Amino acid sequence: MEEDDPLIYRLPQDTLHQIFSSLPLRQVIICRTLSKFFNALLSTPSFLTLLSTTLPPLHLLALRHPHHHHHPSSSLHLFDPDLNRWLRFPLTFLPFRNPNPVASSHGLLYLWALSPSDNTKSLIACNPLTRHFRLLPHLGSAWSRHGSVLVDSSNRVMVLTELAALYFSGDSNHQWMKFSSNLPAKPRSPVLVGDRVLALCDVGSPWRSQWKLFAAAAPPHAAFQTWSRLERHEWGDVFDILKRPRLVRDNGGDGGRATVLMVGGLKSSFSLNAPCSTILILRLDLTTMDWEEAGRMPPEMFRCFRESSKFKVFGGGDRVCFSAKRIGKKLALWDRSGSSRKVGGEWRWIDHLPGNGEGLYRGFVFEGRLNAVP
């Protein structure tokens with residue numbers, strides 16, 4: 001410590017930790033970039049432990065570029081709904097090529113990337129805020145092309161296809177566990193909810209879709225992956241009224257229950273090529289097995305989606321995003337968090353998407369946490 005250093009450098013570390021722990025997490029992240037001193041001070045295990053008990057995580061929406069395979073990016077683009085601004089987290093700290101973020105849970109980002117030595121694709125867990133990462137056990141390239149990556153707050157990782165599922169946990173001797181699957185079709189928008197995996201499957205014909213909901217016990221709760229169709233007579237035509245339904249993780253509703261959202265275009269009739277009148281969000285209570293309407297897109301917003309043959313849905317909890325072609329550089333956002341927790345939620349536009357605005361954007365929820373360790 002030099003004599004002409006600022007006086008703040010001479011304060012005890014515990015005192016500085018208490019001072020900086022009173023700042024919002026966004027400000028703590030900014031302060032770490034001021035100097036090597038602040039970066040070291042605000043990265044100690046004791047300070048990160050203190051933050052975990054005093055500061056809530058950042059709730060951000062991570063964006064996957066629609067043309068990633070042709071234009072790989074070295075950054076993760078995120079939208080902060082609370083500040084209504086875009087952020088960019090560099091991924092250049094990773095010693096891998098063509099990083100492709102696909103999922104996130106509890107402050108950790110999961111992505112596929114190419115090894116610089118043998119050109120093989122691997123799944124990596126990292127914390128872009130602390131720049132720490134971990135390489136998961138090697139998988140064949142077919143899993144990265146056809147598998148859906150699912151993670152949850154317990155940091156369980158699943159890679160799911162129609163024929164099989166791979167499961168990994170820090171307690172599984174650092175190896176993937178393989179489970180056979182009996183799904184009748186390719187799983188669409190699978191989600192992990194507690195000790196269950198849910199997925200939609202199209203069991204119809206090439207001429208007419210027929211969507212059904214399937215569930216299985218999540219590893220390691222099952223010795224093998226046996227899927228069963230979830231059906232109730234009381235549900236009536238809930239799957240027939242939605243066009244291209246997709247599942248989205250929920251936050252448990254107002255009572256902390258196990259719930260899941262199903263989103264799709266609301267058909268104007270039961271005819272084969274019936275147009276949609278809006279986009280509908282339904283919530284399924286997995287305890288009572290009852291459906292309820294959570295929200296529907298306002299007519300003036302849906303007009304921008306009416307001309308698109310399909311749209312993408314991503315997000316989770318109380319925030320769901322909608323992307324479609326030919327609507328420009330923007331996303332539609334359904335927000336039911338904080339002051340927006342009213343019946344039906346709040347609908348608004350997210351503008352100024354990075355890129356040229358072409359294609360269908362995908363994404364996921366990212367919780368920024370400085371104490372998340374890969």
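Surface patches are made of residues with over 30% relative accessible area and no salt bridge, like charges being joined within 9 Å and nonpolar side chains (Val, Leu, Ile, Met, Phe, Trp, Tyr) within 5 Å; a salt bridge is a side-chain nitrogen of Lys or Arg within 4 Å of a carboxyl oxygen of Asp or Glu. The structure is a predicted model, in which local features need pLDDT of at least 70 and side-chain atom pairs count only at pLDDT 80 or more, while totals for chains, interfaces and linings use all residues. Residues are numbered from 1 along each chain as its sequence is written, and side-chain values use heavy atoms, with hydrogens and water left out.

Ile8, Leu11 and Ile19 make a nonpolar surface patch of about 220 Å² (Shrake-Rupley method, 1.4 Å probe). Leu11 lies in the segment before helix H1 (13-20) and is partly exposed, its relative accessible area being 37% (buried, under 20%; exposed, over 50%; partly exposed, in between).

The chain contains six helices and 24 strands (DSSP runs of H or I, at least four residues, and of E, at least two). An open antiparallel sheet is formed by four strands in the order S8-S9-S10-S11, where pairing requires at least two DSSP bridges. Strands S8 (148-151) and S11 (177-180) each have a single partner strand, so one side of each lacks a neighbour in the sheet. S8 is joined to antiparallel S9 (residues 157-160) by four bridges, and Val149 stands opposite Val159 in S9.

Of the 374 residues of the chain, 51% count as buried. The accessible surface of the chain comes to about 18500 Å², with 51% belonging to carbon and sulfur atoms.

Methods
Buried means under 20% relative accessible area, exposed over 50%, partly exposed in between (1.4 Å probe, protein chains only).
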